[in-house]
Amino acid sequence: MNTRGLRSQLKDSIPVAGLCPQGQYGVQDSLRSGFTSAKNELLPSHPLELSEKNFQLNQDKMNFSTLRNIQGLHAPLKLQMEYRAARQIQRLPFLPSSNLALDTLRGSDESIGFEDILNDPAQSEMMGEPHMMVEYKLGLL
Amino acid sequence: MLHSLKPCEQQTGGFCFENSRRNTVLESNLSELGYKAPTARKTGTTIAGIVYKDGVILGADTRATDDMVVADKNCMKIHYIAPKIYCCGAGVAADAEITTQIMASNVELHVLNTGRPPLVAMVTRQLKQMLFRYQGHVGSSLIVGGVDVTGAHLYSVYPHGSYDKLPFLTMGSGAAAAVSVFEDRFKPNMELEEAKQLVRDAIAAGIFCDLGSGSNVDLCVITEAGVEYLRGYDKPTMKGKREGQYRYKPGTTAVLTKTVTPLSLDVIDQSVQVMDTE
């Protein structure tokens, strides 16, 4: 397996926050992201936080790159097109979506992990503010 | 801290790390004041397994400790994973319990998917991949044993994700005591009764020589024919029977005077609450 190719595709998989503040014009957006603290930005609050946030992403990237090395470029391209299509099957942003097609493609409908048991989004006590979430989704916010 | 934009992003399931910073601050403040933060309940265990002539025998003690206090005198540490695959769990009690339950569900889904009975190697592989993903923060060490189409197998999986495949294994705080018994008397292809006695002796060594293990010995015998779960196979810590009687016979002391004062009490209310002792 071409490990050098693998590393080049994984090098940007875990984004480091805090080097460029999120607001417009690069100024810290206190209303939206809260107060700043250099430690909050640079150090994760828990060693697993970063790796868990990007776990699914990293798994997909690794699988696609292996598939590319074995079967050629067409295989991940076709699969990624299907993923993109399946990801668009969603309900309105503030309602919980089942992501059934996406789960079937990924194969995660055949396994149970902590993401199915703990913190199930379908059972969260808070619902997002509908207007704000739709505006965020449309990019108007 | 609830930022305004956070709810707008997609909610995912799984672990939530919002409180980790608060917890570290709380812990450091508490330790300044001299208090200790509450810790997770560990099982402080002795678990063991051997491969004998017809299959696998798993054994465990039954004490669960909360630091220096015994939290449960008779807990079950041998968990079901598949009809002929069982798993002993040591380490943090909740982690071991939930990990084995997730594994059992995954194995069932896999069986329905492939249409074949599960392999012990499959269970071990899924376990070690999951434990490695969480980098040892899921503190459960497990011994997985069972019989599948390829024969009888015994694996041990450590909290960080490494595993061993050996004919006899012990884990937990009493592992050193139990493995010394195994190292002395283990032979390959033992008979059933001899093997049961050996596992019982190893767990008893853990019970008597390790403070974190105690109470009874549970055994689980897995063969091609089926599973025999012997809960409470041996109770080495049961109180002995008293040999003599220390009561005096009636009439030993002479009665000089006797006065009876009846107390007039009425029974107002009677209620029976059954206590769950099993």
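Analyst: The answers below concern a sheet in chain B of a predicted model.

User: What makes strand 8 and strand 9 of chain B a pair?

Analyst: Two strands pair if DSSP finds at least two bridges between them. Strand 8 (residues 151-157) and strand 9 of chain B have three bridges, in the antiparallel sense, so they meet the cut-off of at least two. Within this pairing, V157(B) stands opposite Y163(B) of strand 9.

User: How do you know that strand 5 of chain B pairs with strand 6 of chain B?

Analyst: Four bridges join these two antiparallel strands of chain B, and the requirement is at least two. A82(B) has I85(B) in strand 6 as its bridge partner. The hairpin joining strand 5 to strand 6 passes through two residues.

User: Why are strand 5 and strand 9 of chain B said to stand at the edges?

Analyst: The five strands form an open sheet in the order 5-6-7-8-9, with antiparallel pairing. Strand 5 (78-82) and strand 9 (163-165) each have a single partner strand, so one side of each has no neighbour in the sheet. Neighbouring strands here are turned by 20° against each other on average, direction ignored.

User: Why is strand 5 of chain B called largely enclosed?

Analyst: A residue is buried if its relative accessible area is under 20%. Four of the five residues of strand 5 of chain B are buried, so the rest of the structure largely encloses this strand.

User: Which strands of chain B does helix 2 lie across?

Analyst: Helix 2 (residues 93-114) of chain B lies across strand 5, strand 6 (85-91) and strand 7 (140-148), at about 20° to strand 5.

Note on methods:
Residues are numbered from 1 along each chain as its sequence is written. Chains are lettered from A and ligands numbered from 1 in the order in which they are written. This is a predicted model: local features need pLDDT of at least 70, side-chain atom pairs count only at pLDDT 80 or more; totals for chains, interfaces and linings use all residues. Side-chain values use heavy atoms; hydrogens and water are left out. Axes are lines fitted to C-alpha atoms, for helices over the stretch in contact, and angles run from 0 to 180 degrees between N-to-C directions. Contact means heavy atoms within 4.5 Å. Buried means under 20% relative accessible area, exposed over 50%, partly exposed in between (1.4 Å probe, protein chains only).
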